[in-house]
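Here is a short briefing to read alongside the model. Keep the structure open and follow the residues as they come up.

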Amino acid sequence: MCLLQLNLVMDLILRILQVSIYTTPAGIAPLCGRLYNLGVTGVEIVDKDDFEDFLENNKQYWDYVDEELREKMSGETRVKIYLSDNETGHKMLQSVRDDLVSFKSLDVNNAFGTLRIEIDSMREEDWENNWKQYFKPIYVGDRLVIKPEWETIDNADGKIIFNIDPGMTFGSGQHETTSLCLEALEDISLEGVSVLDMGCGSGILGIGALLLGAKDVLAVDIDKNAVDIAVKNANLNKVENFEGLCGNTLADQGVYEKVTSKKYGVILANIVADVIIAMAPTFKKVLADDGILICSGIISPRKGEVLTALAENGFALTGIGEKNDWVAITCTKA
């Protein structure tokens, strides 16, 4: 092999990210299913229990197990994926991160573990700085542009600039579910409207609503770090009347009472199908009679289930948006 060929091979090796997602044995199948829906078709599963069972049930095939192998298989269960260390790979990794937030919100009993991400041997903060080179301004609909705070743009066409520090874990605005919601928001009048943002993540939808004219926003998320980042982004955009609330509306009575203490002209629910279905009665209770519910985070195969649940809870369909197997549903009270 010549030096040039060796350099090319080494370059390819160095441009691969090994991403480990920590879960539990019960979380392996649903996690792999979600990764497959995102387009990640190759995974490596590291599960100590399975490994020990294999050793116990196959003693006739081995005399000695290397301690390095035992060490590799020890610890928490994890699913590994491999992505290119380039723009495509980093966008996929961001999609995985966004989806894990939704997945975690479903796990009220913590059956699927931490779902935290570890990227090869590099520290999270090192990768965070590296990934920023791939996050550029995102133009959404006719009026909004989502701009990372470290970028500058020439805004000659007078769009509403939405500055964001996504905090890596909680949404950067690149995912189809987010853009579908923002596009739906642009199509309605928000002047003087109170907005409920369920599963707020980095606060993109709630803050976007305020930039488009909403009166106030209650942004709710099951993850405290997500709420903290959402509040930070609200301050970054100098919007007022943005309130963050951490907790599970389905399981925490205090959070439920706070959420249901008033009516909202617009409800944004960029979560997942199961949570939308479970929360449909709550949405019906808190949506104003002339209000609008925008649901997203729904994969195409589950669109019918969500539509049925919404109809059964007294909602009438007014619009559907679809991008790359993701669906957003807009409806009003019937």
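Asp216 is buried in this predicted model, with a relative accessible area of 15%. Its side chain meets that of Lys262 in a salt bridge, at 3.3 Å from N to O.

**The Asp216 pair**

- Asp216 sits in strand 9 (residues 216–221), while Lys262 belongs to the loop between helix 10 (253–259) and strand 11 (264–270).
- Asp216 falls under the 20% cut-off for a buried residue, because its relative accessible area is 15%.
- Lys262, on the other hand, counts as partly exposed at 34% relative accessibility.

**Other salt bridges**

- How many salt bridges does the count come to? The count comes to nine.
- As a general point, side chains of opposite charge can pair when their charged atoms come close.
- Glu183 and Lys323 form one of these salt bridges, and their closest N and O atoms are 2.8 Å apart.
- Where do Lys224 and Asp228 lie? Both are in helix 9 (residues 224–236), four residues apart, which is about one turn of the helix.
- In an α-helix there are 3.6 residues a turn, so residues three or four places apart point the same way.
- Lys224 counts as exposed at 51% relative accessibility, whereas Asp228 counts as partly exposed at 38%.
- A network of salt bridges links Asp274, Arg302 and Glu305.

- Seven strands make up an open sheet with mixed pairing, in the order 10-9-8-11-12-14-13.
- Strand 10 (242–246) and strand 13 stand at the edges with a single partner strand each, so one side of each has no neighbour in the sheet.
- On average, neighbouring strands of this sheet are turned by 15 degrees against each other, direction ignored.
- Strand 12 (residues 287–299) and strand 14 (residues 326–333) run antiparallel and are joined by six bridges.
- If you look for Ile294, you will find that its bridge partner in strand 14 is Thr330.
- Helix 9 lies across strand 9 and strand 10, and runs at about 175 degrees to strand 10.

- Is helix 7 largely enclosed or largely open? Helix 7 is largely enclosed by the rest of the structure, because 10 of its 11 residues are buried.
- Among the buried residues of helix 7 are Leu180, Cys181, Leu182, Ala184 and Leu185.
- The buried set of helix 7 also includes Glu176 and Glu186.
- The 14 residues of helix 11 (residues 273–286) should span 20 Å at 1.5 Å a residue, and its end C-alpha atoms are 19 Å apart, which agrees.
- Helix 11 bends by about 50 degrees at Met279, and the proline Pro281 follows within four residues.
- Met279 is one of the buried residues of helix 11, and others include Val275, Ile276, Ala280 and Phe283.

- Lys80 has its place in strand 3 (residues 77–84), and it counts as buried at 8% relative accessibility.
- Beyond its neighbours within four places in sequence, Lys80 is in contact with Gln18, Val19, Ser20, Gly42, Val43, Glu44 and Val46.
- The C-alpha atoms of Lys80 and Ile119 are separated by 9.5 Å, and these residues are 39 residues apart along the chain.
- Thr77 lies in strand 3 too, and is buried with a relative accessible area of 7%.
- Leaving aside neighbours within four places in sequence, the contacts of Thr77 include Ile21, Tyr22, Thr23, Thr24 and Pro25.
- Val46 is in contact with Thr77 and also with Lys80.

Key. Residues numbered from 1 in each chain as written. Predicted model: local features only at pLDDT ≥ 70, side-chain atom pairs only at ≥ 80, totals over all residues. Heavy atoms only, no water. Salt bridge = Lys/Arg side-chain N within 4 Å of Asp/Glu carboxyl O. Helix = DSSP H or I, 4+ residues; strand = E, 2+ residues; numbered from the N terminus. Buried < 20%, exposed > 50% of the residue type's maximum accessible area, 1.4 Å probe, protein only. Pairing = 2+ DSSP bridges. Axes fitted to C-alpha atoms, helices over the stretch in contact; angles between N-to-C directions. Contact = heavy atoms within 4.5 Å. Expected span 1.5 Å × (residues − 1). Bend = angle between axes of the 7 residues up to and from the residue.
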